[in-house]
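Please read the following report alongside the sequence and the coordinates, which are shown just below.

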Amino acid sequence: MKPEEAARLLHAYVDRELDAAKSLELEAQLAADPALRERFERLRELSAGIREKADYHAAPSSLAARLSAALPGAASIAPRRATRWILPAAAAALAAALAVGIALVRPGDEDALLREMVASHVRSTLGNRLIDVASSDQHTVKPWLSARLPFSPPVADFSPEGFELAGARLDYVGGRPVAVLVYKRRQHLIDAFIWPGSGPRDGAYSRDGFNVERSSAEGMRICLVSDLNRNELSDLARLLIARR
Amino acid sequence: MTDRRRFEQQVLPHIDAAFNLARWLTRNDHDAEDVVQDAMLRAYRHFEGLRGEARPWLLAIVRNACFSWIRRNRPAEVAAGPDGEAAEAATAPADGPEALLARELDRRMLNEAIAALPLQFREVLILRELEDLSYREIARIADVPIGTVMSRLARARRLLAESVRVIAVASRLQTEK
């Protein structure tokens with residue numbers, strides 16, 4: 001591979017758009033060429049920096065209201081408050097689950113784990129099994145979880161910051177039992193998967209409208225899954241870590 | 001199930017993605033709301049034509065609505081700027097300086113630098129980095145060949161890295177004064 005071609009393909013490699021043969025060829029070149037390697041690292045940092053720090057502009061709630069009034073036909077989503085957000089959330093969840101299932105780029109433990117968590121989020125929004133213990137009181141939720149798990153996850157309500165604790169459930173992800181805290185923000189549901197351990201890859205990922213924010217703090221892995229925008233999701237991640 | 005209900009379940013959940021794209025292209029909350037509302041109504045009228053995934057389909061409609069809006073309100077933005085592979089390759093340095101210290105990347109600075117990118121580069125960058133779409137999906141949305149997506153994305157990152165570095169140097173000079 002010529003140096004110009006290698007430089008050109010770096011972007012596709014960072015974006016995971018390179019086929020296996022070309023990736024191997026480029027990886028050999030990267031190993032042999034420190035300058036190319038340096039460019040690759042910078043490029044990856046830039047991409048990660050944009051994903052982490054660029055504003056994600058979520059639609060204001062007034063827009064959804066305007067649309068609802070402007071669309072022809074009667075609004076058919078059940079008007080009951082409690083169920084209003086479940087239908088769109090469930091539809092997005094199902095679409096994401098299908099997309100994740102079909103379009104998984106790289107096999108591997110981390111991706112499998114991600115897929116399991118998105119699937120769990122989907123199942124919980126589709127069925128009624130959102131929450132095993134429904135409470136916004138951390139003093140109710142925490143003991144309930146601790147009694148059923150071999151560890152004690154951090155539990156906190158962040159209603160003042162706009163993340164209302166709705167409750168928690170137990171789940172089984174990556175071959176281990178995990179705690180799932182369920183938060184509500186506007187129309188969005190956020191699942192926070194928590195288990196002891198540390199992870200090699202922190203950061204934000206997204207899969208067809210679903211965002212996943214992975215972080216770890218003091219021996220706990222915290223993974224947030226939601227259709228909420230990335231910036232607000234990382235706000236919750238920071239709150240959880242600070243609380244821990 | 002009524003059309004409206006199917007639309008509410010399949011398309012409306014992607015309203016954040018629609019707004020995010022429109023907001024980055026129009027660079028204004030109010031205009032983005034108007035454009036997204038028009039695009040959503042258009043999407044509803046053409047809902048029968050939806051095959052496959054709803055999000056890229058919706059984003060293509062939103063993108064076209066944004067470009068129509070920009071053509072009407074800021075014609076200079078679409079008309080200006082060299083495009084096409086040749087022009088991009090000609091101005092791209094062989095050893096492009098994507099280099100920057102990402103850790104120093106200030107949030108406000110970065111957002112300003114992205115907003116300042118020429119439209120055709122901003123568009124692919126947002127679709128790739130914030131919406132995590134594949135080259136193929138971006139090509140379909142922006143209605144250009146995949147090769148053009150790749151060269152625009154490379155150019156977008158290069159321009160962004162350069163302007164962030166310039167801003168960083170300027171602000172360092174300011175603090176040293």
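Does Phe67(B) count as buried or exposed? At 7% relative accessibility, Phe67(B) falls in the buried class, where buried means under 20% relative accessible area, exposed means over 50%, and partly exposed lies in between, computed with a 1.4 Å probe on protein chains only.

This is a predicted model, in which local features need pLDDT of at least 70 and side-chain atom pairs count only at pLDDT 80 or more, while totals for chains, interfaces and linings use all residues. Residues are numbered from 1 along each chain as its sequence is written, chains are lettered from A and ligands numbered from 1 in the order in which they are written, and side-chain values use heavy atoms, with hydrogens and water left out.

**Surroundings of Phe67(B)**

Phe67(B) is found in helix α4 of chain B, where helices (H or I, at least four residues) and strands (E, at least two) are DSSP runs numbered from the N terminus. Leaving aside residues up to four places away in sequence, Phe67(B) touches Leu25(B), Val78(B), Leu119(B) and Glu123(B), a contact being heavy atoms within 4.5 Å. Val35(B) is 32 residues from Phe67(B) along the chain, and the C-alpha atoms of the two are separated by 9.8 Å.

**Helix α9 of chain B and its neighbours**

Helix α9(B) is mostly covered, with six of its eight residues buried; these are Tyr135(B), Glu137(B), Ile138(B), Ala139(B), Ile141(B) and Ala142(B). They pack against α1 (3-14) of chain A together with α4 (54-73), α8 and α10 of chain B.

With α10(B), the packing angle is about 100 degrees and the axes are 8 Å apart; axes are lines fitted to C-alpha atoms, for helices over the stretch in contact, and angles run from 0 to 180 degrees between N-to-C directions. The two helices α9(B) and α10(B) are therefore roughly perpendicular to each other, on a scale where angles under 35 degrees count as roughly parallel, over 145 as roughly antiparallel, 65 to 115 as roughly perpendicular and the rest as oblique. On the α9(B) side, Tyr135(B), Arg136(B), Ile138(B) and Ala139(B) meet Ile146(B), Val149(B), Met150(B) and Leu153(B) of α10(B). The residues of this contact divide into seven nonpolar, no polar and one charged, where Ala, Val, Leu, Ile, Met, Phe, Trp, Tyr, Cys and Pro count as nonpolar, Asp, Glu, Lys and Arg as charged, and the others, Gly among them, as polar.

Helix α10(B) also meets chain A: its axis and that of helix α3 (residues 34-53) of chain A come within 11 Å and cross at roughly 85 degrees. That makes α3(A) roughly perpendicular to α10(B). The contact is made by Leu43(A), Leu46(A), Ser47(A) and Ile50(A) of α3(A), and by Arg157(B), Leu160(B) and Ala161(B) of α10(B). Its residues divide into five nonpolar, one polar and one charged.

Most residues other than glycine have a negative phi.

**A sheet in chain A**

Chain A has nine helices and seven strands, and of its 244 residues 49% count as buried. In strand β4 (residues 188-196) of chain A, eight of the nine residues are buried, so β4(A) is largely enclosed by the rest of the structure.

Strand β3 (residues 176-185) of chain A pairs with β4(A) in the antiparallel sense over seven bridges, pairing being assigned if DSSP finds at least two bridges between two strands. Within this pair, Ala179(A) stands opposite Ile194(A). The hairpin of β3(A) and β4(A) has two residues between the strands, and Arg186(A) takes a positive phi near 50 degrees there. β4(A) also pairs with strand β7 (residues 220-226) of chain A, again antiparallel and over seven bridges, with Ile190(A) bridged to Ser226(A) in β7(A).

**Cysteines**

How many disulfides are there over all chains? The count comes to zero, taking a disulfide as a pair of cysteine sulfur atoms within 2.5 Å. Cys223(A) is buried, with a relative accessible area of 1%, and Cys66(B) is buried too, at 0%.
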